[in-house]
Amino acid sequence: MFHHAEMSANLSSCLANGPLSPLSAPSEALQRLIDRKLLTPLFQPIIALDGGRIVGYEALIRGPEDSDLHSPAQLFDAARCSQQLAALEYACREVACEAFVAQALPGKLFLNMSPLSFTDRHYREGVTREILTRVGLDPERVVFELTERQPLDEFVSLRAATDHFRHQGFAVALDDLGAGYAGLRVWSELNPDYVKIDRHFISDIDADPVKREFVRAMLDIANRLGNRVIAEGIEREEELRTLAALGVEYVQGYLLLRPCSHPPKQMVGLEGLVGFRPRLHDTFTFRQRVGDIVQYAEAVEPTVSTLSVVERFRADQQLTCLPVVEEGRPLGMVSRSELLNIFSHRYSYELHAGKPIATFICKRTIRVDVDCELKLAGQMVTEDPLQNLSVDLLVEREGRYAGVVRVGRLLRCITEEKMRLARHSNPLFESRRRQPA
(Lines give C-alpha, C1' and ligand atoms only; values in the text may rest on other atoms or scores of the structure.)
Protein backbone atom coordinates (compact mmCIF):
# COMPACT_ATOMS: atom_id res chain seq x y z
CA MET A 1 0.00 0.00 0.00
CA PHE A 2 1.46 3.39 -0.99
CA HIS A 3 0.90 5.66 1.96
CA HIS A 4 0.00 8.86 0.08
CA ALA A 5 0.46 11.81 2.45
CA GLU A 6 -1.48 15.04 2.06
CA MET A 7 -0.25 17.21 -0.81
CA SER A 8 2.28 19.85 0.29
CA ALA A 9 1.33 23.51 0.24
CA ASN A 10 3.88 24.36 -2.43
CA LEU A 11 6.06 22.52 -4.89
CA SER A 12 9.30 23.14 -3.04
CA SER A 13 8.04 21.22 -0.03
CA CYS A 14 7.35 18.18 -2.23
CA LEU A 15 10.93 17.61 -3.20
CA ALA A 16 14.01 18.76 -1.28
CA ASN A 17 17.39 19.17 -2.94
CA GLY A 18 19.41 16.03 -2.28
CA PRO A 19 22.22 13.98 -3.84
CA LEU A 20 19.88 12.90 -6.64
CA SER A 21 18.34 16.29 -7.37
CA PRO A 22 20.82 19.10 -8.00
CA LEU A 23 18.62 20.41 -10.80
CA SER A 24 16.83 23.71 -10.31
CA ALA A 25 13.36 22.31 -11.09
CA PRO A 26 12.18 19.49 -8.82
CA SER A 27 10.02 18.06 -11.60
CA GLU A 28 13.15 17.62 -13.73
CA ALA A 29 14.82 15.69 -10.91
CA LEU A 30 11.80 13.42 -10.61
CA GLN A 31 11.73 12.92 -14.38
CA ARG A 32 15.37 11.93 -14.23
CA LEU A 33 14.56 9.31 -11.59
CA ILE A 34 11.68 7.99 -13.72
CA ASP A 35 13.69 7.88 -16.95
CA ARG A 36 16.53 5.98 -15.30
CA LYS A 37 14.12 3.73 -13.38
CA LEU A 38 16.00 4.39 -10.15
CA LEU A 39 13.28 2.56 -8.25
CA THR A 40 13.48 -0.54 -6.07
CA PRO A 41 10.47 -2.89 -5.95
CA LEU A 42 9.78 -4.66 -2.66
CA PHE A 43 7.30 -7.50 -2.31
CA GLN A 44 5.10 -8.42 0.64
CA PRO A 45 3.27 -11.77 0.45
CA ILE A 46 -0.48 -12.16 0.80
CA ILE A 47 -1.14 -15.46 2.53
CA ALA A 48 -4.12 -17.80 2.66
CA LEU A 49 -4.67 -18.90 6.24
CA ASP A 50 -6.06 -22.20 5.01
CA GLY A 51 -2.81 -24.07 4.45
CA GLY A 52 -0.47 -21.07 4.58
CA ARG A 53 0.06 -20.82 0.82
CA ILE A 54 1.10 -17.56 -0.78
CA VAL A 55 -1.66 -16.34 -3.09
CA GLY A 56 0.20 -13.26 -4.30
CA TYR A 57 2.49 -10.36 -3.50
CA GLU A 58 1.86 -6.64 -3.16
CA ALA A 59 4.52 -4.60 -4.94
CA LEU A 60 5.83 -1.64 -2.93
CA ILE A 61 8.25 0.94 -4.26
CA ARG A 62 11.22 2.75 -2.76
CA GLY A 63 13.32 5.50 -4.31
CA PRO A 64 17.13 5.68 -4.11
CA GLU A 65 18.38 5.31 -0.55
CA ASP A 66 20.59 8.42 -0.80
CA SER A 67 17.69 10.59 -1.90
CA ASP A 68 14.90 12.49 -0.18
CA LEU A 69 12.63 10.52 -2.53
CA HIS A 70 13.39 7.20 -0.86
CA SER A 71 10.11 7.40 1.07
CA PRO A 72 7.06 6.42 -1.03
CA ALA A 73 5.04 9.23 0.58
CA GLN A 74 7.50 11.91 -0.60
CA LEU A 75 7.98 10.20 -3.94
CA PHE A 76 4.30 10.14 -4.86
CA ASP A 77 3.53 13.54 -3.39
CA ALA A 78 6.27 14.98 -5.58
CA ALA A 79 4.78 13.23 -8.62
CA ARG A 80 1.33 14.69 -7.89
CA CYS A 81 2.75 18.17 -7.40
CA SER A 82 4.53 18.08 -10.75
CA GLN A 83 1.73 16.22 -12.60
CA GLN A 84 3.94 13.20 -13.20
CA LEU A 85 1.87 10.67 -11.26
CA ALA A 86 1.01 8.49 -14.26
CA ALA A 87 4.62 8.47 -15.51
CA LEU A 88 5.86 7.44 -12.06
CA GLU A 89 3.24 4.71 -11.70
CA TYR A 90 4.16 3.30 -15.11
CA ALA A 91 7.83 3.17 -14.10
CA CYS A 92 6.92 1.49 -10.81
CA ARG A 93 4.73 -1.00 -12.65
CA GLU A 94 7.54 -1.83 -15.06
CA VAL A 95 10.23 -2.52 -12.46
CA ALA A 96 7.76 -4.49 -10.31
CA CYS A 97 6.65 -6.73 -13.20
CA GLU A 98 10.23 -7.31 -14.30
CA ALA A 99 11.35 -8.35 -10.79
CA PHE A 100 8.23 -10.46 -10.21
CA VAL A 101 8.82 -12.49 -13.38
CA ALA A 102 12.60 -12.65 -12.94
CA GLN A 103 12.16 -14.26 -9.52
CA ALA A 104 9.39 -16.58 -10.77
CA LEU A 105 7.22 -15.62 -7.81
CA PRO A 106 3.96 -17.61 -7.50
CA GLY A 107 0.40 -16.32 -7.41
CA LYS A 108 -0.84 -12.87 -8.33
CA LEU A 109 0.95 -9.54 -8.46
CA PHE A 110 -0.89 -6.71 -6.68
CA LEU A 111 -0.02 -3.29 -8.15
CA ASN A 112 -1.09 0.01 -6.62
CA MET A 113 -2.94 2.48 -8.78
CA SER A 114 -4.23 5.97 -8.00
CA PRO A 115 -7.36 6.90 -10.00
CA LEU A 116 -6.06 10.49 -10.11
CA SER A 117 -3.36 9.36 -12.53
CA PHE A 118 -6.11 9.06 -15.15
CA THR A 119 -6.21 12.87 -15.21
CA ASP A 120 -2.42 13.14 -15.42
CA ARG A 121 -0.95 14.51 -18.65
CA HIS A 122 1.32 11.45 -18.88
CA TYR A 123 -1.58 9.00 -18.89
CA ARG A 124 -1.55 6.58 -21.83
CA GLU A 125 -3.73 3.52 -22.42
CA GLY A 126 -2.21 0.13 -23.21
CA VAL A 127 1.10 0.69 -21.48
CA THR A 128 0.48 -2.07 -18.91
CA ARG A 129 -0.30 -4.57 -21.65
CA GLU A 130 2.96 -3.62 -23.35
CA ILE A 131 4.89 -4.27 -20.14
CA LEU A 132 3.22 -7.64 -19.54
CA THR A 133 3.79 -8.77 -23.12
CA ARG A 134 7.46 -7.88 -22.90
CA VAL A 135 8.10 -9.66 -19.58
CA GLY A 136 5.78 -12.60 -20.27
CA LEU A 137 3.18 -12.13 -17.51
CA ASP A 138 -0.50 -13.01 -18.04
CA PRO A 139 -3.03 -10.22 -17.25
CA GLU A 140 -5.04 -12.75 -15.21
CA ARG A 141 -2.19 -12.77 -12.67
CA VAL A 142 -2.33 -9.00 -12.10
CA VAL A 143 -4.55 -7.24 -9.55
CA PHE A 144 -4.75 -3.45 -9.47
CA GLU A 145 -5.25 -1.97 -6.01
CA LEU A 146 -7.22 1.26 -6.31
CA THR A 147 -6.39 3.59 -3.47
CA GLU A 148 -7.38 7.21 -2.97
CA ARG A 149 -7.11 9.59 -0.02
CA GLN A 150 -8.74 12.55 -1.77
CA PRO A 151 -12.44 13.03 -2.62
CA LEU A 152 -13.50 12.11 -6.14
CA ASP A 153 -16.17 13.96 -8.08
CA GLU A 154 -19.03 11.47 -8.39
CA PHE A 155 -16.49 8.64 -8.38
CA VAL A 156 -15.85 9.21 -12.09
CA SER A 157 -12.11 8.58 -11.90
CA LEU A 158 -12.54 5.52 -9.73
CA ARG A 159 -15.13 3.98 -12.03
CA ALA A 160 -12.99 4.77 -15.07
CA ALA A 161 -10.02 3.03 -13.48
CA THR A 162 -12.06 -0.06 -12.60
CA ASP A 163 -13.67 -0.38 -16.04
CA HIS A 164 -10.36 0.25 -17.78
CA PHE A 165 -8.57 -2.61 -16.05
CA ARG A 166 -11.41 -5.12 -16.05
CA HIS A 167 -11.88 -4.71 -19.80
CA GLN A 168 -8.26 -5.72 -20.19
CA GLY A 169 -8.63 -8.86 -18.09
CA PHE A 170 -7.16 -7.61 -14.82
CA ALA A 171 -8.71 -8.06 -11.38
CA VAL A 172 -9.39 -5.07 -9.13
CA ALA A 173 -8.91 -4.59 -5.40
CA LEU A 174 -10.21 -1.78 -3.22
CA ASP A 175 -7.40 -0.72 -0.87
CA ASP A 176 -7.76 0.73 2.63
CA LEU A 177 -11.42 -0.24 3.07
CA GLY A 178 -12.82 1.88 5.89
CA ALA A 179 -10.18 4.61 5.65
CA GLY A 180 -10.24 7.93 3.82
CA TYR A 181 -12.72 7.75 0.93
CA ALA A 182 -12.64 3.96 0.52
CA GLY A 183 -16.04 3.54 2.14
CA LEU A 184 -19.26 1.64 1.61
CA ARG A 185 -20.41 3.72 -1.34
CA VAL A 186 -17.22 3.03 -3.31
CA TRP A 187 -17.45 -0.64 -2.38
CA SER A 188 -21.07 -0.93 -3.48
CA GLU A 189 -20.60 0.91 -6.77
CA LEU A 190 -17.40 -0.83 -7.86
CA ASN A 191 -17.97 -4.35 -6.44
CA PRO A 192 -14.23 -5.15 -6.64
CA ASP A 193 -12.75 -8.64 -6.80
CA TYR A 194 -10.80 -8.04 -3.57
CA VAL A 195 -11.23 -5.70 -0.62
CA LYS A 196 -8.38 -4.90 1.78
CA ILE A 197 -9.43 -3.98 5.29
CA ASP A 198 -7.57 -0.94 6.56
CA ARG A 199 -5.00 -1.26 9.33
CA HIS A 200 -7.20 0.80 11.67
CA PHE A 201 -9.62 -2.12 12.08
CA ILE A 202 -6.81 -4.67 12.46
CA SER A 203 -4.76 -2.93 15.13
CA ASP A 204 -5.59 -4.42 18.56
CA ILE A 205 -8.70 -6.12 17.19
CA ASP A 206 -8.21 -8.88 19.77
CA ALA A 207 -8.95 -6.38 22.55
CA ASP A 208 -11.61 -4.32 20.80
CA PRO A 209 -15.11 -5.87 20.41
CA VAL A 210 -16.28 -2.93 18.28
CA LYS A 211 -13.57 -3.54 15.69
CA ARG A 212 -14.43 -7.23 15.65
CA GLU A 213 -18.05 -6.39 14.86
CA PHE A 214 -16.99 -4.09 12.01
CA VAL A 215 -14.72 -6.75 10.51
CA ARG A 216 -17.40 -9.40 10.96
CA ALA A 217 -19.86 -7.17 9.06
CA MET A 218 -17.32 -6.55 6.29
CA LEU A 219 -16.77 -10.28 5.91
CA ASP A 220 -20.49 -10.94 5.72
CA ILE A 221 -21.00 -8.31 3.01
CA ALA A 222 -17.99 -9.53 1.05
CA ASN A 223 -19.15 -13.13 1.13
CA ARG A 224 -22.61 -12.16 -0.08
CA LEU A 225 -21.14 -10.09 -2.93
CA GLY A 226 -18.52 -12.67 -3.86
CA ASN A 227 -15.59 -10.41 -2.92
CA ARG A 228 -12.42 -11.79 -1.34
CA VAL A 229 -11.17 -10.11 1.83
CA ILE A 230 -7.55 -9.37 2.72
CA ALA A 231 -6.67 -8.17 6.22
CA GLU A 232 -3.52 -6.07 5.97
CA GLY A 233 -1.18 -4.49 8.48
CA ILE A 234 -1.07 -7.42 10.90
CA GLU A 235 1.72 -6.91 13.43
CA ARG A 236 0.79 -9.07 16.45
CA GLU A 237 0.03 -12.76 16.93
CA GLU A 238 -3.14 -11.95 18.84
CA GLU A 239 -4.45 -9.95 15.87
CA LEU A 240 -3.76 -12.81 13.50
CA ARG A 241 -5.45 -15.40 15.70
CA THR A 242 -8.50 -13.18 16.11
CA LEU A 243 -8.80 -12.64 12.37
CA ALA A 244 -8.47 -16.37 11.77
CA ALA A 245 -11.25 -16.99 14.26
CA LEU A 246 -13.48 -14.45 12.52
CA GLY A 247 -13.06 -16.32 9.24
CA VAL A 248 -10.65 -14.04 7.34
CA GLU A 249 -9.09 -16.00 4.47
CA TYR A 250 -6.17 -13.81 3.37
CA VAL A 251 -3.70 -11.90 5.53
CA GLN A 252 -0.73 -9.58 5.08
CA GLY A 253 1.55 -7.72 7.46
CA TYR A 254 4.86 -7.30 9.24
CA LEU A 255 4.12 -10.21 11.58
CA LEU A 256 4.20 -12.58 8.62
CA LEU A 257 6.91 -10.90 6.55
CA ARG A 258 8.19 -7.39 6.01
CA PRO A 259 8.44 -6.13 2.41
CA CYS A 260 11.70 -7.27 0.84
CA SER A 261 13.31 -7.35 -2.58
CA HIS A 262 13.60 -11.17 -2.71
CA PRO A 263 10.67 -12.70 -0.79
CA PRO A 264 10.22 -16.46 -0.19
CA LYS A 265 8.01 -18.51 -2.49
CA GLN A 266 6.36 -20.36 0.36
CA MET A 267 5.69 -19.77 4.04
CA VAL A 268 6.68 -22.17 6.81
CA GLY A 269 5.47 -22.41 10.39
CA LEU A 270 2.24 -20.48 9.83
CA GLU A 271 -0.06 -23.20 11.18
CA GLY A 272 1.74 -23.11 14.53
CA LEU A 273 1.49 -19.33 14.64
CA VAL A 274 -2.23 -19.23 13.96
CA GLY A 275 -3.08 -22.27 16.01
CA PHE A 276 -5.12 -24.00 13.29
CA ARG A 277 -6.36 -27.52 13.82
CA PRO A 278 -5.98 -29.42 10.52
CA ARG A 279 -8.62 -32.01 11.43
CA LEU A 280 -11.25 -29.30 11.78
CA HIS A 281 -10.39 -27.98 8.34
CA ASP A 282 -10.67 -31.49 6.97
CA THR A 283 -14.09 -31.68 8.61
CA PHE A 284 -15.13 -28.52 6.80
CA THR A 285 -13.73 -29.83 3.55
CA PHE A 286 -15.84 -32.98 3.63
CA ARG A 287 -18.90 -31.91 5.63
CA GLN A 288 -20.99 -30.31 2.89
CA ARG A 289 -21.17 -30.98 -0.80
CA VAL A 290 -22.99 -29.37 -3.69
CA GLY A 291 -25.65 -32.09 -3.58
CA ASP A 292 -26.66 -30.88 -0.12
CA ILE A 293 -27.85 -27.50 -1.42
CA VAL A 294 -28.83 -28.27 -5.03
CA GLN A 295 -32.23 -27.02 -6.24
CA TYR A 296 -34.13 -28.37 -9.21
CA ALA A 297 -34.92 -25.77 -11.88
CA GLU A 298 -36.94 -26.29 -15.01
CA ALA A 299 -34.63 -26.46 -18.01
CA VAL A 300 -35.04 -25.55 -21.69
CA GLU A 301 -34.06 -27.53 -24.77
CA PRO A 302 -31.14 -26.18 -26.82
CA THR A 303 -33.36 -25.86 -29.91
CA VAL A 304 -35.87 -23.52 -28.24
CA SER A 305 -35.98 -20.11 -29.94
CA THR A 306 -34.05 -17.34 -28.28
CA LEU A 307 -37.05 -15.02 -28.51
CA SER A 308 -39.16 -17.35 -26.35
CA VAL A 309 -36.47 -17.29 -23.64
CA VAL A 310 -36.25 -13.50 -23.80
CA GLU A 311 -40.00 -13.27 -23.32
CA ARG A 312 -39.81 -15.68 -20.40
CA PHE A 313 -37.14 -13.57 -18.69
CA ARG A 314 -39.19 -10.41 -19.19
CA ALA A 315 -42.31 -12.07 -17.79
CA ASP A 316 -40.54 -13.30 -14.64
CA GLN A 317 -38.41 -10.60 -12.97
CA GLN A 318 -37.09 -13.11 -10.39
CA LEU A 319 -35.65 -15.44 -13.01
CA THR A 320 -31.90 -14.79 -13.29
CA CYS A 321 -30.86 -17.66 -15.52
CA LEU A 322 -32.02 -20.91 -17.15
CA PRO A 323 -30.27 -24.25 -17.56
CA VAL A 324 -30.05 -25.67 -21.08
CA VAL A 325 -30.43 -29.46 -21.13
CA GLU A 326 -30.56 -31.89 -24.06
CA GLU A 327 -32.09 -35.30 -23.35
CA GLY A 328 -31.02 -35.10 -19.73
CA ARG A 329 -27.49 -33.97 -20.55
CA PRO A 330 -26.61 -30.48 -19.17
CA LEU A 331 -25.11 -28.11 -21.74
CA GLY A 332 -24.83 -24.80 -19.88
CA MET A 333 -26.60 -21.78 -18.43
CA VAL A 334 -28.27 -18.81 -20.12
CA SER A 335 -27.94 -15.55 -18.20
CA ARG A 336 -30.83 -13.12 -17.99
CA SER A 337 -28.55 -10.06 -17.80
CA GLU A 338 -26.35 -11.16 -20.69
CA LEU A 339 -29.24 -12.12 -22.97
CA LEU A 340 -31.36 -9.03 -22.30
CA ASN A 341 -28.30 -6.86 -22.83
CA ILE A 342 -27.86 -8.37 -26.30
CA PHE A 343 -31.52 -7.74 -27.11
CA SER A 344 -31.30 -4.13 -25.99
CA HIS A 345 -29.26 -3.22 -29.07
CA ARG A 346 -30.67 -2.05 -32.36
CA TYR A 347 -31.64 -4.77 -34.86
CA SER A 348 -31.10 -7.46 -32.21
CA TYR A 349 -34.53 -9.00 -32.81
CA GLU A 350 -33.95 -9.25 -36.53
CA LEU A 351 -30.51 -10.79 -35.98
CA HIS A 352 -31.08 -13.16 -33.07
CA ALA A 353 -34.75 -13.84 -32.33
CA GLY A 354 -34.94 -16.99 -34.46
CA LYS A 355 -31.66 -18.51 -33.32
CA PRO A 356 -31.65 -21.55 -31.01
CA ILE A 357 -31.00 -20.64 -27.37
CA ALA A 358 -27.92 -22.88 -27.37
CA THR A 359 -26.21 -20.04 -29.25
CA PHE A 360 -26.30 -17.89 -26.12
CA ILE A 361 -25.07 -20.32 -23.46
CA CYS A 362 -22.70 -18.52 -21.07
CA LYS A 363 -19.11 -19.23 -21.99
CA ARG A 364 -18.14 -19.19 -18.30
CA THR A 365 -20.82 -21.64 -17.14
CA ILE A 366 -19.58 -23.51 -14.06
CA ARG A 367 -20.53 -27.19 -14.11
CA VAL A 368 -20.04 -29.25 -10.96
CA ASP A 369 -20.94 -32.73 -9.78
CA VAL A 370 -23.23 -33.30 -6.80
CA ASP A 371 -20.23 -34.72 -4.91
CA CYS A 372 -18.13 -31.57 -5.40
CA GLU A 373 -17.08 -30.01 -2.08
CA LEU A 374 -18.65 -26.63 -1.34
CA LYS A 375 -15.26 -25.10 -0.72
CA LEU A 376 -14.00 -26.12 -4.16
CA ALA A 377 -17.20 -24.86 -5.82
CA GLY A 378 -16.76 -21.54 -4.03
CA GLN A 379 -13.22 -21.22 -5.34
CA MET A 380 -14.45 -21.81 -8.89
CA VAL A 381 -16.86 -18.91 -8.48
CA THR A 382 -14.65 -16.37 -6.73
CA GLU A 383 -11.21 -16.94 -8.23
CA ASP A 384 -12.29 -15.93 -11.74
CA PRO A 385 -12.55 -12.10 -11.85
CA LEU A 386 -14.63 -12.28 -15.05
CA GLN A 387 -17.22 -14.68 -13.64
CA ASN A 388 -20.82 -13.45 -13.75
CA LEU A 389 -21.95 -13.92 -10.15
CA SER A 390 -25.61 -13.84 -11.13
CA VAL A 391 -25.30 -17.13 -13.03
CA ASP A 392 -26.17 -20.28 -11.09
CA LEU A 393 -23.88 -23.28 -10.99
CA LEU A 394 -25.05 -26.13 -13.20
CA VAL A 395 -25.11 -29.37 -11.21
CA GLU A 396 -24.92 -32.88 -12.66
CA ARG A 397 -24.97 -36.40 -11.31
CA GLU A 398 -23.04 -38.96 -13.34
CA GLY A 399 -23.28 -36.69 -16.36
CA ARG A 400 -27.04 -36.13 -16.04
CA TYR A 401 -28.78 -32.88 -15.11
CA ALA A 402 -29.42 -32.65 -11.36
CA GLY A 403 -30.34 -29.00 -10.78
CA VAL A 404 -28.68 -25.68 -9.97
CA VAL A 405 -27.01 -23.94 -7.04
CA ARG A 406 -27.46 -20.21 -6.46
CA VAL A 407 -24.13 -18.44 -6.00
CA GLY A 408 -25.44 -16.43 -3.05
CA ARG A 409 -26.62 -19.55 -1.24
CA LEU A 410 -23.31 -21.31 -1.93
CA LEU A 411 -21.25 -18.48 -0.43
CA ARG A 412 -23.56 -18.17 2.59
CA CYS A 413 -23.29 -21.89 3.33
CA ILE A 414 -19.49 -21.74 3.13
CA THR A 415 -19.38 -18.74 5.46
CA GLU A 416 -21.79 -20.28 7.96
CA GLU A 417 -19.77 -23.49 8.07
CA LYS A 418 -16.54 -21.59 8.65
CA MET A 419 -18.13 -19.58 11.42
CA ARG A 420 -19.55 -22.71 13.02
CA LEU A 421 -16.13 -24.34 13.07
CA ALA A 422 -14.49 -21.17 14.33
CA ARG A 423 -16.91 -21.00 17.25
CA HIS A 424 -16.08 -24.54 18.23
CA SER A 425 -12.33 -24.31 17.65
CA ASN A 426 -11.37 -20.91 19.07
CA PRO A 427 -11.99 -19.67 22.62
CA LEU A 428 -12.18 -16.06 21.43
CA PHE A 429 -15.78 -16.62 20.39
CA GLU A 430 -16.76 -17.91 23.79
CA SER A 431 -14.95 -15.07 25.58
CA ARG A 432 -16.68 -12.58 23.29
CA ARG A 433 -20.07 -13.92 24.33
CA ARG A 434 -19.21 -13.27 27.98
CA GLN A 435 -18.03 -9.67 27.44
CA PRO A 436 -20.32 -6.94 28.82
CA ALA A 437 -22.02 -4.71 26.28
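Modeller: Buried means under 20% relative accessible area, exposed means over 50%, and partly exposed lies in between (1.4 Å probe, protein chains only). This is a predicted model, in which local features need pLDDT of at least 70, side-chain atom pairs count only at pLDDT 80 or more, and totals for chains, interfaces and linings use all residues. Residues are numbered from 1 along each chain as its sequence is written, and side-chain values use heavy atoms, with hydrogens and water left out.

Biologist: Is Cys92 buried or exposed?

Modeller: Cys92 counts as buried because its relative accessibility is 6%. Cys372, at 11%, also counts as buried.

Biologist: How many disulfides are there?

Modeller: The structure holds zero disulfides, a disulfide being a pair of cysteine sulfur atoms within 2.5 Å.

Biologist: On to rings. How many aromatic pairs are there?

Modeller: There are seven aromatic pairs. Rings of Phe, Tyr and Trp (its six-membered ring) pair if their centres lie within 6.5 Å; planes under 30 degrees apart count as stacked, over 60 as edge-to-face and the rest as tilted. One of the pairs is Phe43 with Phe100, tilted, at 6.3 Å centre to centre and 45° between the planes.

Biologist: Are Phe43 and Phe100 buried or exposed?

Modeller: Both Phe43 and Phe100 are buried. Ring pairs also link them with Tyr57 into a cluster.

Biologist: Which charge sits over Tyr254?

Modeller: The charged end of Arg258 does, 4.0 Å from the ring centre. The criterion is NZ of Lys or CZ of Arg within 6 Å of the ring centre and within 35 degrees of the ring normal.
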